[in-house]
Amino acid sequence: MIAIDDATARAWLATAVGEARAGLGEGGIPIGGALYSADGVLLGSGHNRRVQDDDPSVHGETDAFRRAGRQSTYAGTTMVTTLSPCWYCSGLVRQFGISRVVVGEATTFVGGHEWLAENGVEVLVLDDPECVQMMTDFIAARPDLWNEDIGVPSGDEQDGSS
């Protein structure tokens, strides 16, 4: 697995941000992901398609993972995501042995990235202002969709801060 510096991590994040923007443009939730190989080649990218596909299992990370296709091993790969991965996506990282996760932001939502780090996954949280702003704007505009996405029952709305 190649070491990555801040510039590389942010360049890879740009792929996920582009996916998040695409999802938002389609009327969905702006969370994007990208899976990079151990030598830094983009394997697949995608975005949250829960709304577009009427499928609650299509998160940004799972879409990127699916689009990457079968790999003989995921050792050394890097999952890049605009938002701290939820428990479902954190489980995917652990299940398949993805070695590193680059997180755009963990301000609006704290998922399982700390758990991943505690279990040997290299985690880089970039605190990217564009990712924070995109989610903050989305949560303010569509709290109903946000709460659905994070599994908060109707009537128990949360503002996204943790």
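In this predicted model, strand S1 and strand S3 (residues 78-81) run antiparallel and are joined by four bridges. Tyr36 stands opposite Thr78 of S3. These strands belong to an open sheet of five strands with mixed pairing, in the order S2-S1-S3-S4-S5. The UniProt record, in an unreviewed entry, places "domain: CMP/dCMP-type deaminase" at residues 7-123.

**Sheet**

- S2 and strand S5 (122-125) stand at the edges of the sheet with a single partner strand each, so one side of each has no neighbour in the sheet.
- On average, neighbouring strands of this sheet are turned by 15 degrees against each other, direction ignored.
- Strand S1 (residues 32-36) also pairs with strand S2 (residues 42-47), in the antiparallel sense and over five bridges.
- Within this pairing, Ala34 has Ser45 in S2 as its bridge partner.
- The hairpin of S1 and S2 has five residues between the strands, and Gly40 in this hairpin takes a positive phi near 90 degrees.
- Strands of a sheet pair through backbone hydrogen bonds, in either the parallel or the antiparallel sense.

**Helices on the sheet**

**Contact of H2 with H3**

- The axes of H2 and H3 cross at roughly 35 degrees and come within 8 Å.
- From H2, the residues Glu61, Thr62, Phe65 and Arg66 meet Tyr88, Cys89, Leu92 and Phe96 of H3.
- Sorted by class, this contact of H2 with H3 has five nonpolar, one polar and two charged residues.

**Largest pocket**

- The volume of the largest pocket is about 170 Å³.
- Its lining has 15 residues, and those nearest the centre are Ile31, His59, Cys86, Phe109 and Asp149.
- Helix H2 (60-68), helix H3 (87-96) and helix H6 (143-150) are the elements that give two or more residues to the lining of the largest pocket.
- H6 supplies the largest share of this lining, with three residues.
- By class, the lining of the largest pocket has nine nonpolar, four polar and two charged residues.

**Annotated region**

- Over residues 7-123, the chain is 38% helix and 18% strand.
- The end C-alpha atoms of residues 7-123 are 16 Å apart.

Terms used: Residues are numbered from 1 along each chain as its sequence is written. This is a predicted model: local features need pLDDT of at least 70, side-chain atom pairs count only at pLDDT 80 or more; totals for chains, interfaces and linings use all residues. Side-chain values use heavy atoms; hydrogens and water are left out. On a 1 Å grid over the protein atoms alone, a cavity is a set of points where a 1.4 Å probe fits but cannot get out, and a pocket is an open set with protein on both sides within 12 Å along at least five of seven lines; lining residues have an atom within 4 Å of a point. Grid points are joined across faces, edges and corners, and a volume is the space filled by probe spheres set on the points. Ala, Val, Leu, Ile, Met, Phe, Trp, Tyr, Cys and Pro count as nonpolar, Asp, Glu, Lys and Arg as charged, and the others, Gly among them, as polar. UniProt positions are given in the numbering used here, feature names are shortened, and annotations may be inferred rather than shown by experiment. Two strands pair if DSSP finds at least two bridges between them. Axes are lines fitted to C-alpha atoms, for helices over the stretch in contact, and angles run from 0 to 180 degrees between N-to-C directions. Contact means heavy atoms within 4.5 Å.
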